[in-house]
Amino acid sequence: MNAPGTEAKDGFARKSFADLAALFAGRVGGLLLNLLFLPLYDHLLGPAAFGAVAMVLAFQSFFLVFDFGLAILLGTDVAAAGQDRITRSRCAAQWRCMLALALGAGLAAAVLLFMAGQFFALDGFRPADLSTTALLIAGAIAANAGQAALIADHAARAASSLQFAGALLRGLFAWLVLQFVAPGISGFLLSQLLVLAMHLLLLDRLLLRRLGPAASGFWRPAEIHRLWERARPLIAYSLAGAMAMQIDKPLVAAFFSLEIAGRWFLAVTYALTPIALLAGPLHQFFYPRLVQAAHDPEAALGLGRLFQAATVLAVTAPGLVLATEAPLLIRLWLPHAEDSRTIAAMAMPIVAATTVGAMGYLPTAWLVGTGDRAWIARLSWLLLLLLLTGLLLAGAEGSMPSFVAAYCAFHLLGCGLLWRRMLRNWPAARSRSLLFDCWLLPAILLSAALGLILWALQAMNLPDPARLFVLAAAGGGLTLPVAWRLWLRYGNGLRMAPLKTD
């Protein structure tokens, strides 16, 4: 017979990893759809108009990072509410307040941009397009907060399904509109806005069904003031991070051209795949558990080891393959692009740098979750200043290689400084095992083994599809044994600090 509690622990583990698998599936599906539809938009719109669309998508991405802390606040409150009906009702009211606040701000921005658009011309945009962009950004902020609430309420599968369905409908509807109705930026923006409105309606209905009826209506000045007071410490950090990740696109457009900005956008989209696809869901899954274990040094160490090992295993092999095979993969991804080699040349070093940068998820989660937010905000602004200086110098020189180098240095330096701070402040002994046993050692072993396989494949001169298949199989085959060993060693960390649900 099983020992008492064993079945409960196993059931918890199965549910936890089913939720984690759902987060991965939603992220993978959304990213693959994005990668599928971007070349279609580029083909239908042409390089210049696609450059304008790339700017819109970049601004959306900016405000998904800089969301005024709404997603973190709502997700944390929903997780802490457990099954208490009164607290869950307050969370429902908080969601409604956030929804009204985001959409109200978006509507005000839309009116202001429409009025301003009568007096200045932005290349490729009409005043109505600027207004639609403002509403798209506001809706995306609200949807991001709602998704965080669903994940915090142990509804990862529902959140992932909704995310995937939204991405699919946005892509299909935009393609249909561009192909058959309005082949221009206005048609693209309006199609995106219509699908996002349906997404928000469904998300609101789902959240209220899970959390219960809201304790009050949409507009509550007192609640808005309380949200502002709680969000202020997160705003400086998230603003600097968002600017660092998105300021490069407008600078490329300003120093070079809108067409080159579109090429840069494609290169960065490809290069950020390891972070966007793999490391993000791990952060969503482990962050609340790590915060709850912050006052239990052994539980925190166990969770940190598992978090870091999972990040290394999820990112190392894909990052290495994406970097070394960038010319082939980008040519397959963008078959119509005559400048695919130029895009690949920009993407290859960025893939390597962002693969290392993804290792900063654990120290970021730990520092933010344990209240070291003032330091991380100062670091974010320092790194932003250094990045901006490097990008401006590169732009003034007219050198895209220098532009790429500045972007890579930003990721590498930030990761190193985050790890230094975390290791100095971790409360448990043996914290250096996070760095050596759970990061450097498995990363070096995987990279060396996969590098040997890449060398052998080059000597064999296999056809491109066969080489990609072998690389994918080799990456998975090398990762799984290491994952199994690390899970046997550190897997109890997950059971030591489960999320509290009551």
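**Exercise 1. Determine how the span of helix H6 (residues 185-211) compares with the expected value, and state what follows the helix.**

Solution. In this predicted model, H6 comprises 27 residues. The distance from its first C-alpha to its last is 38 Å. At 1.5 Å a residue, 39 Å is expected, and the span of H6 is close to that value. Gly212 follows H6 and has a positive phi, near 100°.

**Exercise 2. Describe the packing of helix H8 (residues 248-255) and helix H9 (residues 258-271).**

Solution. Two packed helices are described by the angle between their axes and the distance between the axes.

Step 1: the axes of H8 and H9 are 7 Å apart, and the helices pack at an angle of about 150°.

Step 2: angles over 145 degrees count as roughly antiparallel; H8 and H9 are therefore roughly antiparallel to each other.

Step 3: the crossing of H8 and H9 is right-handed.

Step 4: H8 contributes Asp248, Lys249, Val252 and Ala253 to the contact, while H9 contributes Leu258, Ile260, Ala261, Trp264, Phe265 and Val268.

Step 5: by class, the residues of the contact of H8 with H9 are eight nonpolar, no polar and two charged.

**Exercise 3. Carry out the analysis for helix H11 (residues 297-324) and helix H14 (residues 361-369).**

Solution. 

Step 1: the axes of H11 and H14 cross at roughly 145° and come within 9 Å.

Step 2: on the H11 side the contact is made by Ala300, Gly304, Phe307 and Gln308, and on the H14 side by Tyr361, Leu362, Ala365 and Trp366.

Step 3: the contact of H11 with H14 divides into six nonpolar, two polar and no charged residues.

**Exercise 4. Is Leu103 buried, partly exposed or exposed, and which residues does Leu103 touch?**

Solution. 

Step 1: Leu103 lies in helix H3 (residues 85-116).

Step 2: the relative accessible area of Leu103 is 37%. Buried means under 20% and exposed over 50%, so Leu103 is partly exposed.

Step 3: leaving out residues up to four places away in sequence, Leu103 touches Ala138, Gly139 and Leu200.

Step 4: Ala138 is 35 residues from Leu103 along the chain, yet their C-alpha atoms are separated by 5.6 Å.

**Exercise 5. Summarise the protein as a whole: how many helices and strands does it have, and what share of its residues count as buried?**

Solution. The protein has 19 helices and zero strands. Of its 502 residues, 52% count as buried. Among contacts with a separation of 6 or more, 83% join residues 24 or more positions apart.

Definitions and conventions:
Residues numbered from 1 in each chain as written. Predicted model: local features only at pLDDT ≥ 70, side-chain atom pairs only at ≥ 80, totals over all residues. Heavy atoms only, no water. Axes fitted to C-alpha atoms, helices over the stretch in contact; angles between N-to-C directions. Helix = DSSP H or I, 4+ residues; strand = E, 2+ residues; numbered from the N terminus. Parallel < 35°, antiparallel > 145°, perpendicular 65-115°, else oblique. Left-handed = near helix turned anticlockwise from the far one by under 90°. Contact = heavy atoms within 4.5 Å. Nonpolar A, V, L, I, M, F, W, Y, C, P; charged D, E, K, R; others polar. Expected span 1.5 Å × (residues − 1). Buried < 20%, exposed > 50% of the residue type's maximum accessible area, 1.4 Å probe, protein only.
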